[in-house]
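Please set out the charged and aromatic side-chain contacts of the structure below, with the cut-offs behind each term.

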Amino acid sequence: MNEIVFVTHNKGKAKSAEKYFRNMKFSTFDFELDEPRSDDIKEIATAKVKQAYSIVKKPCIALDTGFFIEALNGFPRAFVNFSLDTIGIEGILKLMQGVENRKCKFEECLAYHDGKEIHYFYGKHPGNLAEKIQGKDREEKWSDLWYIFKPEHFDKTLAEMNQEERENRRKIDGSVEALKVFAKWYEKENEYQEIYNKHKKLIDIAIEKTKLCEKDPLHFIGHTIDVINYEKELLETFNADKEVCIISAYWHDVGRSVCDKGHEEESGKILKEEMKKLNYDDDMIEKCYLAVINHKRKSILPTIEGKILRDADKIAYIGKNRWDRCMKENMHELNEIVDVYLPILRDEILRFEESRKIFDRDMNNYVKGYLEEMKKGI
């Protein structure tokens, strides 16, 4: 497991990270990162983590938090530090004097830079603004706003709550901490990294063979990566052999380097041969083989691993890597894909309800946004 460095000058945030990162190699680097003038916490977190990585030269995280007061049209938004340095919490309370609507919230964006990509994790903390400054100076406090922020359904500010009360309130107020979301994701990613390390020889053979399909915009290595990512999401819901799922995902399109029609059987045949050469046991070989040969659209799949692979493969039609490339190389087919094929894929081909939820999410959050940008460019 790689060490994660939290680059921050905020001792309260560093202290909060400690309780979530107990199972990780973790250290803090005390440095006040620059913040661009922006009211977008993702944009700020991105700039901060890029600067952090340039300093520590290893996987690192940076966190940015915005504070939004409903009655003030969201003020101070991402300009928390500027607001506290100028008018302070006293000034904020003065602006809200006599205002009945006290609703406010913290929103967080944590950016993780692994040296290649930046990953984002979000937190939220709904609540209400107190009428006056309340509470004690606590070691975990990462903002003076703690003195005037009451979590939803509570009549205490964060600064009045002890650590146990702050942790327990999440069950009631629905708050989510970005640090916790990241820690959970990172531990799972390391589990998958261990699977890759364990089966590296077998997986690397699949990667090299799939690269032979690089000219195919539908079945290149980027599509395989999309399939693996969707499998990981489905494995959050379904109890299946993760090693079988990951191996079969890497191998599912290898047969396309030899043929198109019947590539599933060809992929399974080559996989079986390679697994035997590497002395895998017969049970593992059979599970991986069955998953691969049965990932056709309308197959009746005999194993849960095969069902997960088949649905992940179909969701990945709108996976980021494949969609970007398909739309650049097949623009003339865009309307037919969106109006005809994608509804059939969602309603008739996907077998799991969870798969449909993931499909709907990415259609709404990614594909529709992509289409809007394409229309602007036309």
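Which residue forms a salt bridge with Asp313, and how far apart are the closest N and O atoms? The partner is Lys314, with the closest N and O atoms 2.9 Å apart, where a salt bridge is a side-chain nitrogen of Lys or Arg within 4 Å of a carboxyl oxygen of Asp or Glu. Both Lys314 and Asp313 are buried, a class that means under 20% relative accessible area, with exposed over 50% and partly exposed in between (1.4 Å probe, protein chains only).

This is a predicted model, in which local features need pLDDT of at least 70 and side-chain atom pairs count only at pLDDT 80 or more, while totals for chains, interfaces and linings use all residues. Residues are numbered from 1 along each chain as its sequence is written, and side-chain values use heavy atoms, with hydrogens and water left out.

**Salt bridges**

| Pair | Closest N to O distance |
|---|---|
| Lys314 and Asp313 | 2.9 Å |
| Lys232 and Glu189 | 3.4 Å |

The bridge between Lys232 and Glu189 links distant parts of the chain, since Lys232 lies in helix α9 (residues 221-234) and Glu189 in helix α7 (residues 178-198), 43 residues apart. Helices (H or I, at least four residues) and strands (E, at least two) are DSSP runs, numbered from the N terminus. Lys232 counts as buried because its relative accessibility is 16%, whereas Glu189 is partly exposed at 26%.

**Aromatic rings**

The whole structure holds 16 aromatic pairs, counted where ring centres of Phe, Tyr and Trp (its six-membered ring) lie within 6.5 Å, with planes under 30 degrees apart taken as stacked, over 60 as edge-to-face and the rest as tilted. Phe67 and Phe149 have ring centres 6.2 Å apart and planes at 80°, so this pair is edge-to-face. It joins distant parts of the chain, with Phe67 in strand β3 (residues 60-69) and Phe149 in strand β7 (residues 149-151), 82 residues apart. Phe67 is buried at 0% relative accessibility, and Phe149 is buried with a relative accessible area of 0%.

Trp142 and Trp146 also form an edge-to-face pair, at 5.9 Å centre to centre and 80° between the planes. Trp142 is buried at 14% relative accessibility, and Trp146 is buried at 3%.
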